[in-house]
Amino acid sequence: MEIKHSKVAFIAALFATAITAGCKAPPPTVTADTLETSTVNDVALVHMHIIQPPQQFKPINAAYRTLFPVSLINRPDYGGMRMGTLESGATLQVLGEVENSWLAVATQDNGQLSGYIPFRAAVPSDRYNATVKAQAARPRRAQQQCIGVGEGDKACRKGNSSTWVIQ
């Protein structure tokens with residue numbers, strides 16, 4: 001009887017081993033900070049899971065500086081989520097140009113895609129001083145001040161002028 005019992009125990013152990021041998025460990029939990037690699041136009045881009053990889057990519061790989069405070073967005077359009085703000089004059093690495101005329105940028109030296117900024121928000125570092133100087137030298141348009149007068153009419157003046165024009 002004891003031999004029969006050991007055969008049953010052995011068969012049960014063999015069956016349990018066969019069943020669990022095909023089991024896989026559960027996949028790791030993906031969070032917003034989980035790093036991923038996406039290949040776009042034969043270029044590998046490392047980015048956090050929360051950052052949407054671009055559909056198109058034209059490599060630039062150059063140091064740029066921001067011309068004004070700009071939001072770093074998780075996808076290349078204004079409908080994306082703001083990841084942070086870059087201050088005016090901030091230095092960053094532009095990895096490439098993507099769809100919608102946006103720049104894919106790395107804010108750290110690790111070359112990892114940190115997000116996107118509009119194309120006109122930054123210039124190559126070597127052109128930064130000249131660009132800022134040229135912007136400061138441009139004359140500003142006088143603002144127009146208008147007030148309502150009568151039925152649907154308005155009176156307007158430009159800047160500090162004392163002349164009002166009825167429109």
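Q: What makes the link between Cys146 and Cys156 a disulfide?
A: In this predicted model, the sulfur atoms of Cys146 and Cys156 lie 2.0 Å apart, and since a disulfide is a pair of cysteine sulfur atoms within 2.5 Å, the pair is therefore counted as one. A search of the whole structure finds one disulfide. The link of Cys146 and Cys156 is right-handed, with 110 degrees about the S-S bond. Cys146 belongs to strand S10 (residues 144-149) and Cys156 to strand S11 (residues 153-158), the two being 10 residues apart.

Q: Why is Cys156 called buried?
A: Its relative accessible area is 3%, and because buried means under 20%, Cys156 is placed in that class.

Q: How do you know that the protein is more spread out than a compact globule?
A: The secondary structure comes to two helices and 12 strands, and along the sequence these follow the pattern α-β-β-β-β-β-β-β-β-β-α-β-β-β. The radius of gyration is 30 Å, whereas the globule rule gives 15 Å for 167 residues, and because the value is well over that of the rule, the protein is described as more spread out than a compact globule. Taken along the principal axes, the C-alpha atoms fill a box of roughly 115 × 50 × 25 Å. Of the 167 residues, 28% count as buried, and the accessible surface comes to about 11900 Å², of which 55% belongs to carbon and sulfur atoms.

Q: What makes the phi of Asn61 worth noting?
A: Most residues other than glycine have a negative phi. Asn61 is not a glycine, and yet its phi is positive, at about 45 degrees. The residue is placed in strand S3 (residues 57-66).

Q: Why does Asn61 count as exposed?
A: The relative accessibility of Asn61 is 52%, and exposed means over 50%, so the residue is put in the exposed class.

Q: Where is Ser101 found, and what is its phi?
A: Ser101 is found in the loop between strand S6 (91-98) and strand S7 (102-106), and its phi is near 55 degrees, a positive value in a residue other than glycine.

Q: Which residues is Met81 in contact with, leaving aside its neighbours within four places in sequence?
A: Met81 is in contact with Ile50, Leu72, Ile73 and Asn74, once those neighbours are left aside, where contact means heavy atoms within 4.5 Å. Met81 and Gln52, for their part, are 29 residues apart in sequence and 10 Å apart in space, C-alpha to C-alpha.

Notes. Residues numbered from 1 in each chain as written. Predicted model: local features only at pLDDT ≥ 70, side-chain atom pairs only at ≥ 80, totals over all residues. Heavy atoms only, no water. Helix = DSSP H or I, 4+ residues; strand = E, 2+ residues; numbered from the N terminus. Buried < 20%, exposed > 50% of the residue type's maximum accessible area, 1.4 Å probe, protein only. Rg over C-alpha atoms; globule rule 2.2 N^0.38 Å. Areas by Shrake-Rupley, 256 points an atom, 1.4 Å probe, with all protein chains shown as cover.
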